[in-house]
Amino acid sequence: MKKYWNESRECATLHEMRALQSFRLSQTVRHVYQNVPYYKAKMDELGVTPDDIKGVDDLSKLPFMYKQDLRDTYPYGLFAKPLDEVVRIHASSGTTGKQIVVGYTRKDLEIWDECAARALTAAGGDHTDFMHVSYGYGLFTGGLGVHGGAEKIGMTVIPVSTGNTQRQINIIKDFGSTLICCTPSYAMYIAETMQEMGIKKEDIKLKAGLFGAEPWTQEMREKLEDMLGLKAYDIYGLTEIIGPGVSFECEEQTGMHICEDHFIPEIIDPDTGEVLPEGEQGELVFSCITKEAFPLLRYRTRDIAVLSRKQCSCGRTLIKMLKPRGRTDDMLIIRGVNVFPSQIEAVLLSMGNSDPFYQIIVDRVNNTDTLEIKVELSDNMFSDIIRSVEDIENNIKSAIESTLGISAKITLVEPKTLTRFEGKAARVTDKRKLLD
Ligand code: ADP
Ligand code: ZN
């Protein structure tokens, strides 16, 4: 079994990597400057020319790109190649506003396949595996993204897409799927449905899952590993940069290696735009240095993360990003306290007896923010000490208060009454946004 998909890149020395990045960056800047009038205007405004960008050290001279730039140039205004060379279009799932459109040349698709192949190899996959893809296919990058990587490796791909969960489980069982790719929320739904169908983890052959497209917690990882009998790996990506495979976990599972020979990461202070040193938390920014059709430079992802060059036991030298806890736009400010929904999930699951089925409702009553968390009741929430529903509610309430420093109203609801998600979960309702 191959340990790395592309050892010379994944295990390059820092010196080699920086030389490669510098060369590719200067070339890409020239390409974009010459072919994207919108970007040329941005650079001209700052008085920067391609000659000023000789290497990675000059990266911070370039202007930032924002989601708004993609919206302003919708649909094709940022394409750096003629449309007849574009062989595929994708669009973001539109979690946060109007959708944005990206394009790929044949070479861009090869780069994407390469990145996804690295991720699948790092999760222990090889050509003998049966790859069950239950990410959505279509304009969303999830399905076709990992599909391409799996085919490149020579796996047997099962392109199920989302939906019809019972059928998915029969396929996993009958076709002998060994790897699965979907959102962690959908994996949880599959695990729950499997239990309902009376199918045990011993009845299926899944050995690893690559779960991504949304933030998830360590606690969720443990649940999924236990319920599905597999090792759960994180995989990260975004449409604007390429799709799933921008970064991926290895067996050490202490962060995701970034394919930095294709995408240079930076961490910046989201308020000032200042580049922060390695190890500090801030907004993740990516520059694409090999893509042809849609090479965004210094794109502000709004994802909050930390970068680390700490030596990894897997042998890869690719820089790692710690699990993003969410986007700046997902962060809730409740009575002045910053809370990521993933922190609430961590508290709920760390109590050991609840399942990750919850809904967060934020509102404003009499000028004060309110937080309500609906949690599904399950039998194992009761114990010798905790006997009533009220006990359970109080228990969760005090855990939230002591960990996050905010009070919340906890409402327990009947089992299986909250919505299940096949793609990205939407667990937060912020009614204040409707008031504004
Ligand atoms: P949309 O922007 O419409 O949600 P995308 O599929 O492009 O469409 O979403 C990319 C975003 O999904 C990332 O910017 C990040 O916020 C989130 N994401 C993707 N993978 C992960 C992951 N493994 N962990 C946390 N967040 C992730
Ligand atoms: Zn590693």
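Predicted model: local features only at pLDDT ≥ 70, side-chain atom pairs only at ≥ 80, totals over all residues.
At what angle do helix α8 and helix α9 pack, and how far apart are their axes?

**Stop 1: two packed helices**

Select residues 184-196 for helix α8 and residues 218-228 for helix α9. The two helices pack at an angle of about 35°, and their axes are 10 Å apart. The crossing of α8 and α9 is left-handed. Next, display the side chains where the helices meet. On the α8 side, the residues are Pro184, Ser185, Ala187, Met188, Ala191, Glu192, Met194 and Gln195. On the α9 side, they are Met220, Lys223, Leu224, Met227 and Leu228. Sorted by class, this contact has nine nonpolar, two polar and two charged residues.

**Stop 2**

Move to Ala213, in the loop between β6 (208-212) and α9. Ala213 is not a glycine, yet its phi is positive, about 80°. Is Ala213 buried, partly exposed or exposed? Ala213 counts as partly exposed, because its relative accessibility is 25%.

**Stop 2**

The structure has eight aromatic pairs. One of them joins Tyr76 and Phe79, with 5.2 Å from centre to centre and 55° between the planes, which makes the pair tilted. Tyr76 is partly exposed, with a relative accessible area of 39%, whereas Phe79 is buried, at 7%.

Phe79 and Phe294 form an edge-to-face pair, 5.7 Å centre to centre and with 80° between the planes. Which parts of the chain does this pair tie together? Phe79 lies in the loop between α4 (67-72) and β1 (88-91), and Phe294 in the loop between β11 (281-288) and β12 (299-308), so the pair links parts that are 215 residues apart in sequence. Both Phe79 and Phe294 are buried.

**Stop 3: a cis peptide bond**

Select Tyr74 and Pro75, which are joined by a cis peptide bond with omega of about -5°. Pro75 lies in the loop between α4 and β1.

**Stop 4: charges over rings**

Select Arg300 together with Phe64: the charged end of Arg300 sits over the ring of Phe64, 5.0 Å from its centre. Then select Arg420 and Phe357, where the charged end of Arg420 sits over the ring of Phe357, 3.5 Å from its centre.

**Stop 5: a further positive phi**

The tour ends at Lys416, in the loop between β18 (409-413) and β19 (428-430). Lys416 has a positive phi of about 60°, although it is not a glycine.

Note on methods: Residues numbered from 1 in each chain as written. Chains lettered and ligands numbered in written order. Heavy atoms only, no water. Axes fitted to C-alpha atoms, helices over the stretch in contact; angles between N-to-C directions. Helix = DSSP H or I, 4+ residues; strand = E, 2+ residues; numbered from the N terminus. Left-handed = near helix turned anticlockwise from the far one by under 90°. Contact = heavy atoms within 4.5 Å. Nonpolar A, V, L, I, M, F, W, Y, C, P; charged D, E, K, R; others polar. Phe/Tyr/Trp six-rings, centres within 6.5 Å; stacked < 30°, edge-to-face > 60°. Buried < 20%, exposed > 50% of the residue type's maximum accessible area, 1.4 Å probe, protein only. Lys NZ or Arg CZ within 6 Å of the ring centre and 35° of its normal.
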